[in-house]
Amino acid sequence: MNITTYDPKLCTIEVGGNFLRGFSDGGKVTIEKNEDNTTYLAGVDGDVNYSINNDNTATATIPLVSSSPDLAFLRQLAVNREEFNFTMVDMNENGINISVDGCRIIKTPDYSRMKEQEEVEIEILIPFLTK
């Protein structure tokens, strides 16, 4: 029997040289490819043809609380349309590490003040995801 332990503190997210803080209770990051790796066409007689999709872009979605001390920095990156390095280091067992230059924030994060803190999602375009 194999028993493992996951510790979210062992996963760090770095954007433009700054280690992010103030994550929401849902998680730290979700990285999703923007397109399928392979597409196909099935002909009328059942023949299947595959096409390789060379779009290796991805989106990293980072949920922060509205009081995160890094939101102002991230908003400034978005407003200035700056490119930066995105790095995720997961030191957990079976964790993966990703570091990509030339990333950008897709949209300036929302700004609101409510009765309580709320989640603010930061979406980062990763121009070339290899993992």
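Trainee: Why does C103 count as buried?

Mentor: Keep in mind that this is a predicted model. The relative accessibility of C103 comes out at 0%. Buried means under 20%, so C103 counts as buried.

Trainee: And C11, what makes that one count as buried?

Mentor: Run through the cut-off again. C11 has 4% relative accessibility, and the limit is under 20%, so C11 is buried too.

Trainee: Now G102. Why is it called partly exposed?

Mentor: Its relative accessible area is 28%. Buried would be under 20% and exposed over 50%, with partly exposed in between, so G102 is partly exposed.

Trainee: Where does G102 sit, and what does it touch?

Mentor: G102 is in strand β8, residues 97-105. Leaving out residues up to four places away in sequence, G102 touches E83, F84 and P127. As for E82, 20 residues apart from G102 along the chain, the C-alpha atoms of the two are separated by 8.7 Å.

Trainee: Which strands form the open sheet, and in what order?

Mentor: Seven of them, in the order β2-β1-β7-β8-β9-β6-β3, with antiparallel pairing.

Trainee: Why do β2 and β3 stand at the edges?

Mentor: Each has a single partner strand, so one side of β2 (18-19) and one side of β3 (30-33) is left without a neighbour in the sheet.

Trainee: What makes β6 and β9 a pair?

Mentor: Count the bridges. Pairing takes at least two, and eight join β6 (residues 58-65) to β9 (residues 119-126), so they pair, running antiparallel. Take P63: its bridge partner in β9 is E121.

Trainee: Last one: which residues line the largest pocket, and of what class are they?

Mentor: The lining includes K107, D110, E118 and I122. By class, there are three nonpolar, two polar and six charged residues. The space in that pocket is about 170 Å³. E121, the bridge partner of P63, is among the lining residues too.

Definitions and conventions. Residues numbered from 1 in each chain as written. Predicted model: local features only at pLDDT ≥ 70, side-chain atom pairs only at ≥ 80, totals over all residues. Heavy atoms only, no water. Buried < 20%, exposed > 50% of the residue type's maximum accessible area, 1.4 Å probe, protein only. Helix = DSSP H or I, 4+ residues; strand = E, 2+ residues; numbered from the N terminus. Contact = heavy atoms within 4.5 Å. 1 Å grid on protein atoms, 1.4 Å probe; cavity = no way out; pocket = protein on both sides within 12 Å on 5 of 7 lines; lining within 4 Å. Points joined across faces, edges and corners; volume = space filled by probe spheres on them. Nonpolar A, V, L, I, M, F, W, Y, C, P; charged D, E, K, R; others polar.
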